[in-house]
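Hello,

Please find the structure below, with the sequence. My notes on its side-chain contacts follow.

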Amino acid sequence: MIKVSDTAKKKIIDLMTDDGFDAANAYVRVGVKSGGCSGLSYDLKFDKTKGDDDKIFVDNDIQIAVEKKSFLYLAGTILEFSGGLNGKGFVFNNPNASRTCGCGESFSL
């Protein structure tokens, strides 16, 4: 399961609305792809459709779609949003990552 913090929920709903998505019917698609300075990087986008290979989770009233191959890397992750002086954006607190880069956008196992 992937969890969504309260601050991330608010930002997700705001961004979905700005992009013409309805948070009640759309998904936050979370994935992992090759790349980044640590080997794997996070991929986050909005989607209106569910794929055949997707695992669907609902946390904090946010629907999350994760492809099965990415789920192995993301199980137990908490999606947060940081708006502090060190940068602004979504932060993945991933218990499976053994190493992350300084910006937090990539990781390795």
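A charge is said to sit over a ring if NZ of Lys or CZ of Arg is within 6 Å of the ring centre and within 35 degrees of the ring normal. Lys55 lies over the face of Phe71 in this way, at 5.2 Å from the ring centre. The charged end of Lys48 likewise sits over the ring of Phe21, 5.1 Å from its centre.

This is a predicted model, in which local features need pLDDT of at least 70 and side-chain atom pairs count only at pLDDT 80 or more, while totals for chains, interfaces and linings use all residues. Residues are numbered from 1 along each chain as its sequence is written, and side-chain values use heavy atoms, with hydrogens and water left out.

Aromatic pairs

Rings of Phe, Tyr and Trp (its six-membered ring) pair if their centres lie within 6.5 Å; planes under 30 degrees apart count as stacked, over 60 as edge-to-face and the rest as tilted. By this rule there are 4 aromatic pairs. One of them is Phe57 with Phe71, which is stacked, at 5.4 Å centre to centre and 25° between the planes. Phe57 lies in strand 4 (residues 54-59) and Phe71 in helix 2 (residues 68-74), so this pair ties together parts that are 14 residues apart in sequence. Helices (H or I, at least four residues) and strands (E, at least two) are DSSP runs, numbered from the N terminus. Phe57 and Phe71 are both buried; buried means under 20% relative accessible area, exposed over 50%, and partly exposed in between (1.4 Å probe, protein chains only).

The ring centres of Phe81 and Phe90 are 5.1 Å apart and the planes are at 70°, so that pair is edge-to-face. Phe81 counts as buried at 18% relative accessibility, and Phe90 as partly exposed at 24%.

Salt bridges

A salt bridge is a side-chain nitrogen of Lys or Arg within 4 Å of a carboxyl oxygen of Asp or Glu. The structure holds 4 of them. Asp14 and Lys10 form one, with the closest N and O atoms 3.2 Å apart. Both residues lie in helix 1 (residues 6-18), 4 residues apart, about one turn of the helix.

Arg29 meets Asp47 in a salt bridge of 2.8 Å, N to O. Asp47 lies in strand 3 (residues 40-47) and Arg29 in strand 2 (residues 27-34), so the pair ties together parts that are 18 residues apart in sequence. Asp54 and Arg29 also form a salt bridge (2.8 Å, N to O).

Regards
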